[in-house]
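Here is a short briefing on a protein model. Look at the charged pairs first, then at the open space.

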Amino acid sequence: RTGSVSSGVIHPTWIPFGSTAAHRRRPRFALDVYDSSWSSRLSHPSYSPGELLNVEASVSTEPRLPLRVFVDECVATPSTAGWPQYRVIGDNG
């Protein structure tokens with residue numbers, strides 16, 4: 001025999017996301033609309049059905065974590081009443 005065998009507990013080198021995120025602040029999600037050149041964010045955008053819409057979805061955490069955002073569905077409404085709704089993103093993105 002040239003080596004040794006240990007029955008000690010194996011400790012993973014990774015930390016599950018759920019356990020690290022539980023004690024930190026909640027992620028902040030944002031949905032921003034940009035002009036046609038993606039050079040500036042629009043604070044009060046106005047669109048008609050069928051127009052091209054440049055939308056950026058983002059998430060920020062503290063401390064910073066490498067996360068990706070996937071948008072399954074997004075609707076637009078002309079008022080805070082929520083009706084009528086116009087589908088901007090559908091069918092799981």
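Glutamate 73 and arginine 87 are both exposed. Their side chains meet in a salt bridge, 3.7 Å from N to O. The pair links distant parts of the chain, 14 residues apart. The model is a predicted one.

**Salt bridges**

- Side chains of opposite charge can pair when their charged atoms come close.
- A search of the whole structure finds two salt bridges.
- In the pair described above, glutamate 73 sits in the loop between strand E2 (54-60) and E3, while arginine 87 belongs to strand E4.
- Arginine 41 and aspartate 32 also form a salt bridge through their side chains, at 3.7 Å from N to O.

- Arginine 41 has 54% relative accessibility, so it counts as exposed, the cut-off being over 50%.
- Aspartate 32 has a relative accessible area of 17%, so it is buried, the cut-off being under 20%.

**The largest pocket**

- Rolling a probe the size of a water molecule over the atoms shows where empty space is left.
- The largest pocket has a volume of about 630 Å³.
- Its lining holds 19 residues.
- Tyr47, Leu53, Ala76, Thr77 and Val88 lie nearest the centre of the pocket.
- Three strands each supply at least two lining residues: E1 (28-34), E3 (74-76) and E4 (86-89).
- What kinds of residue make up the lining of the largest pocket? There are 13 nonpolar, four polar and two charged residues.

Methods:
Residues numbered from 1 in each chain as written. Predicted model: local features only at pLDDT ≥ 70, side-chain atom pairs only at ≥ 80, totals over all residues. Heavy atoms only, no water. 1 Å grid on protein atoms, 1.4 Å probe; cavity = no way out; pocket = protein on both sides within 12 Å on 5 of 7 lines; lining within 4 Å. Points joined across faces, edges and corners; volume = space filled by probe spheres on them. Helix = DSSP H or I, 4+ residues; strand = E, 2+ residues; numbered from the N terminus. Nonpolar A, V, L, I, M, F, W, Y, C, P; charged D, E, K, R; others polar. Salt bridge = Lys/Arg side-chain N within 4 Å of Asp/Glu carboxyl O. Buried < 20%, exposed > 50% of the residue type's maximum accessible area, 1.4 Å probe, protein only.
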